Amino acid sequence: MDHEAFFQWKLDGLRRDGNYRVFAELERQAGAYPKATLHGAALLGRNDASTPDARDVTVWCSNDYLGMGQHPTVLAAMHAALDRFGAGAGGTRNISGTSTVHVALEAELADLHGKQAALLFGSGYMSNWTTLGTLASSLPNCVVLSDAGNHASMIEGIRHSRAERQIFAHNDAADLRRRLAALPAEVPKLVAFESVYSMDGDVAPIGDLCDVADEFGAMTYLDEVHGVGLYGPEGAGIAARDGVADRLTVIEGTLAKAFGVVGGYIAASSLLCDFVRSFASGYIFTTATPPAVAAGALASIRAVRAGDELRARHADRVARVRRRLDDAGVPHMANPSHIVPVIVGDAVQCRLLTDRLLSHHGIYVQPINYPTVPRGTERLRITPSPLHSDDDIDHLVESLSAEWYAFSLARSA
C-alpha cells in the first residue's frame with residue numbers, strides 16, 4: 001500500500017469539503033488580551049508582496065473566557081513556582097511524588113464544588129476519557145446513558161470502557177426515564193451529560209436529569225467545563241447555580257477555559273476519587289501536571305472565586321454583543337449562555353467568511369465545521385470576554401454585518 005498517497009487522498013477530501021483545518025500562528029500578547037499578533041502572510045488572505053509578515057488582530061473565539069490566562073496574579077504564581085519547583089513534575093505522581101501545590105489545587109477544587117475530594121488530570125479530555133472509561137468498565141454489567149450532545153472525550157471514554165451504551169435524546173429527561181425504566185433494577189447505571197454545550201450554548205436541565213437518575217438509583221456524571229468559573233456562587237458552575245451540585249456523583253471540569261491555564265479534574269467522594277486514582281491507567285501512567293501550571297491554576301481559581309465583578313462584566317459583554325447583532329440583523333442562536341453561535345450552514349462559505357474577517361478587518365474567529373458540528377450547521381462561534389471593549393464589539397458587529405450582507409447577496413445570486 002502507498003501510505004503517503006492514502007494520506008494525501010484523505011487530506012484532499014477534507015480540502016474539497018471545506019473541512020481542512022488551518023492553524024493560525026497567533027502570539028497572544030500578555031496583558032493586552034484580546035489582542036494578538038498573527039504571523040504568516042498566507043493566513044492573511046493576501047499573498048502579494050505588500051502583505052506584512054505579521055499584524056495585530058482581535059481574538060473573538062477563545063475559550064479563555066475571562067482572560068485569566070494573562071492575569072498578573074496567575075503569571076506571578078507561575079513564575080514563583082517555576083523558580084521554586086523547576087519546570088516539570090519529574091514523572092507520575094506515584095513514582096516522582098506529588099507536590100504540595102498539587103495537593104492544594106485538588107483541595108481547592110473539592111471545596112469549590114462542595115465535594116469530599118478532587119483528582120487532577122493533564123487535560124479535560126483525559127479526565128473525561130479516563131474517568132468514564134474506568135467507572136463504566138469496572139462496574140459489573142454497567143449501562144451508560146449518554147446525552148446525544150456529549151463531547152467527543154466523553155464518547156471515547158464510554159466507548160473505551162466497552163460497557164453497554166444508550167444515547168438519550170439531548171437534554172430530554174423523559175427519554176432518559178423511559179430508557180432507565182426498561183433496564184433491570186440491579187444493573188449499575190451511569191448517566192453522563194454536560195451543563196453548557198459548547199457549540200449551541202444550550203444548558204442542561206440538571207435538576208430534572210438528577211430526579212430521573214435518583215428514581216432509578218443511577219450515578220450521575222456532569223461535565224461542567226463550559227460552566228465552571230462563569231456561573232453560580234464563586235463560579236462553581238451551573239449545578240451550583242441551580243442548587244443541585246450535591247446531587248451529582250461526579251463533577252468534571254477543566255482548568256483550561258475560564259481558569260485560563262491547562263488541565264482537567266473530577267470532584268466527587270473521597271472513595272470514588274481514590275478508586276479512579278488506583279485503577280485508571282490513563283491516570284497511573286501519565287506524567288503529572290508541572291507544578292508551575294498547577295500553581296497558576298490554583299491562583300486563577302482563587303481569583304475567579306472572588307471575581308463576582310468579573311462574571312458580571314462578562315455577562316454584560318455577552319448581552320451587548322447579542323443586542324448589537326440583533327440591531328445589525330445578523331442572526332445568531334438564542335441560548336442562555338455566553339456562547340454566541342452565528343450559523344453559516346456551509347463549510348466552504350464559513351471558511352471564506354472567517355478569512356475575510358481576518359484579512360480585511362483584523363478579526364480572528366475560527367470556522368467551526370464537521371465533525372465538531374453536524375454538516376449543514378457550520379458556524380462562527382463567538383465568545384465575548386470581560387476584556388472586549390465597546391469599540392471591539394462595535395468593530396466586530398460592523399465588520400460581520402458588512403461581510404454577512406455581501407455573502408447573503410452572493411448566495412442568493
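A residue is called partly exposed when its relative accessible area falls between the buried range, under 20%, and the exposed range, over 50%. In this predicted model, Phe-7 has a relative accessible area of 44% and is therefore partly exposed. Phe-6 belongs to the partly exposed class as well, because its relative accessible area is 34%.

Aromatic contacts were examined next. The model contains four aromatic pairs. One of them joins Phe-6 and Phe-7, whose ring centres are 6.1 Å apart; the planes meet at 65°, so the arrangement is edge-to-face. A second pair, formed by Phe-275 and Phe-279, is tilted, with 4.8 Å from centre to centre and 35° between the planes. Phe-6 and Phe-7 also take part, together with Trp-9, in one aromatic cluster.

Both Phe-275 and Phe-279 are located in helix H10, which covers residues 270-279. Four residues separate them, about one turn of the helix.

Two arginine residues are placed over tyrosine rings. Arg-15 lies over the face of Tyr-20, at a distance of 4.0 Å from the ring centre. In the case of Arg-375, the charged end sits over the ring of Tyr-370, 3.7 Å from the centre of that ring.

Helix H7 comprises residues 173-181 and helix H8 residues 206-215; their axes come within 9 Å and cross at roughly 10°. Since angles under 35 degrees count as roughly parallel, H7 is roughly parallel to H8. On the H7 side, the contact involves Ala-173, Leu-176, Arg-177 and Leu-180. These residues meet Asp-208, Leu-209, Val-212, Ala-213 and Glu-215 of H8. By residue class, the contact of H7 with H8 consists of six nonpolar and three charged residues, with no polar ones.

A further position considered was Ala-80, which lies in helix H2, spanning residues 72-85. Ala-80 has a relative accessible area of 47%, so this residue is partly exposed. Along the chain, Ala-80 and Ala-295 are 215 residues apart, yet their C-alpha atoms are separated by 8.6 Å.

Note on methods: Residues are numbered from 1 along each chain as its sequence is written. This is a predicted model: local features need pLDDT of at least 70, side-chain atom pairs count only at pLDDT 80 or more; totals for chains, interfaces and linings use all residues. Side-chain values use heavy atoms; hydrogens and water are left out. Axes are lines fitted to C-alpha atoms, for helices over the stretch in contact, and angles run from 0 to 180 degrees between N-to-C directions. Helices (H or I, at least four residues) and strands (E, at least two) are DSSP runs, numbered from the N terminus. Angles under 35 degrees count as roughly parallel, over 145 as roughly antiparallel, 65 to 115 as roughly perpendicular and the rest as oblique. Contact means heavy atoms within 4.5 Å. Ala, Val, Leu, Ile, Met, Phe, Trp, Tyr, Cys and Pro count as nonpolar, Asp, Glu, Lys and Arg as charged, and the others, Gly among them, as polar. Rings of Phe, Tyr and Trp (its six-membered ring) pair if their centres lie within 6.5 Å; planes under 30 degrees apart count as stacked, over 60 as edge-to-face and the rest as tilted. Buried means under 20% relative accessible area, exposed over 50%, partly exposed in between (1.4 Å probe, protein chains only). A charge sits over a ring if NZ of Lys or CZ of Arg is within 6 Å of the ring centre and within 35 degrees of the ring normal.
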